[in-house]
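Open the model in your viewer and keep the selection panel at hand. The tour goes stop by stop.

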Amino acid sequence: MKNDHRPINVNPSDLMAFAWPLAALASITHRIAGVILFVGIAFGLYALDLSLSSAAGFDVLKGLMNSPFGMFVTWGLLSALAYHFVAGIKHLLLDMEMADTIEGSKFAARVTFLVSAVLIFLAGIWVIQG
Amino acid sequence: MVTQVTSFSRNGLSDFIVQRATAYILAAYTVFLVGYLLIQGEMVYADWQMLFSHTWMQIFTMLALVSTCAHAWIGMWTIGTDYIREHYFGQSANGYRLIYQVICILTLASYLFWGVKILWGN
């Protein structure tokens, strides 16, 4: 018997209708962090270029990274990197058939959010202390 | 083998393995660089310049950059095929997705050449 009511596409307006289990939140955040890093690589390469161009360039970069905006960008990109890294490790563990039960995935998502929150907090301290 | 049109390399297994292999390289590079910066404390130009003058560091950096391009391409491609579809964007979706993919490729190719110039062009 053919079921014509199976959902094929999800509209943005439907998104709030979902329960959004923790594992799903962990997954979409991983994706968003990845897109931020795709753009962020440009900032990283700009910083690397400037830092290796000359001693003067190195000091210019230090000045930029010590400005409020520079600190915010650095912290933001480190945060995206930290989350993408931790959620990526979760993915690699899933490949090894770890945490792939419903309870396991809930636990792994909790650990992912907790560990990355700690790393993001530490990254903030690191950036502020220069 | 069945011809697949659902992934960039026409082979989901290849995408899967490339995404994992590059992830390991990028994780290693991230841990190394963050660890180095933390251990070094106050970074000075001479030390920084010295680090990137080593052949092994230049190779490690290029490996990480090539990995970034492959990894980001598979990720961005997946996002593009997930969201830029006719259901959301109408008849022109295929065209929009092509433009999106070209922008992704040009961006990643630019990153790669920029990295080569930074390491060996200055």
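How many salt bridges does the rule find across the interface of chain B and chain A? Three. Keep in mind that this is a predicted model.

**Stop 1: the interface**

Select chain B and chain A together. Colour the residues in contact: 37 in chain B meet 31 in chain A. About 2900 Å² is buried between the two chains. Carbon and sulfur atoms give 68% of that area. For polar contacts between chain B and chain A, the count is eight residue pairs, with both residues at pLDDT 80 or more.

Which helices of chain B each supply at least two residues of the side that touches chain A? They are helix 1 (12–40), helix 2 (45–51), helix 3 (55–83), helix 4 (86–89) and helix 5 (93–120).

**Stop 2: the salt bridges**

Over all chains, the structure holds four salt bridges. Side chains of opposite charge can pair when their charged atoms come close.

Select R31(A) and D82(B). They form a salt bridge, with the closest N and O atoms 2.8 Å apart. The pair crosses between chains, from helix 1 of chain A to helix 3 of chain B. Is R31(A) buried, partly exposed or exposed? R31(A) counts as partly exposed, because its relative accessibility is 23%. D82(B) also falls in the partly exposed class, at 31%.

Move to E42(B) and K62(A). Their side chains meet in a salt bridge, 2.8 Å from N to O. This pair also crosses between chains: E42(B) is in the loop between helix 1 and helix 2 of chain B, while K62(A) is in helix 2 (residues 55–66) of chain A. E42(B) has a relative accessible area of 57%, so this residue is exposed. K62(A) is at 26% and counts as partly exposed.

Next, select D95(A) and R20(B). This salt bridge brings the closest N and O atoms to 2.7 Å. Why does the pair join two chains? Because D95(A) lies in helix 3 of chain A and R20(B) in helix 1 of chain B. Check the accessibility of both partners. D95(A) is partly exposed, with a relative accessible area of 32%. R20(B) counts as buried, since its relative accessibility is 18% and the cut-off for buried is under 20%.

**Stop 3: a buried lysine**

Stay in chain A and select K90(A). This residue is in helix 3 (residues 68–95). K90(A) is buried yet has no salt bridge. Which side chain of opposite charge is nearest to K90(A)? It is D95(A), 11 Å away.

Show what surrounds K90(A). Leaving aside neighbours within four places in sequence, K90(A) is in contact with A26(A), A108(A), A109(A) and T112(A).

**Stop 4: a serine in helix 4**

Select S105(A). Its place is helix 4 (residues 102–129) of chain A. Not counting residues up to four places away in sequence, S105(A) touches A23(A) and A99(A). Now draw a distance from S105(A) to A87(A). The two are 18 residues apart in sequence, and their C-alpha atoms are 12 Å apart in space.

**Stop 5**

Most residues other than glycine have a negative phi. The next two selections have a positive one.

Select W20(A). Its phi is near 55 degrees, a positive value in a residue other than glycine. W20(A) lies in the segment before helix 1 (22–53) of chain A. With a relative accessible area of 29%, W20(A) is partly exposed.

Finish at E97(A). Where does E97(A) sit? In the loop between helix 3 and helix 4 of chain A. E97(A) is not a glycine, but has a positive phi of about 60 degrees. E97(A) is exposed, because its relative accessible area is 64% and the cut-off for exposed is over 50%.

Note on methods:
Residues are numbered from 1 along each chain as its sequence is written. Chains are lettered from A and ligands numbered from 1 in the order in which they are written. This is a predicted model: local features need pLDDT of at least 70, side-chain atom pairs count only at pLDDT 80 or more; totals for chains, interfaces and linings use all residues. Side-chain values use heavy atoms; hydrogens and water are left out. Contact means heavy atoms within 4.5 Å. Buried area is the accessible area (1.4 Å probe) that two parts lose on being put together, summed over both. A polar contact is a pair of N or O atoms within 3.5 Å; within protein, one must be able to donate a hydrogen and the other to accept it, and residues adjacent in sequence count only if both atoms are side-chain atoms. Helices (H or I, at least four residues) and strands (E, at least two) are DSSP runs, numbered from the N terminus. Buried means under 20% relative accessible area, exposed over 50%, partly exposed in between (1.4 Å probe, protein chains only). Lys and Arg count as positive and Asp and Glu as negative; His and the chain ends are not counted.
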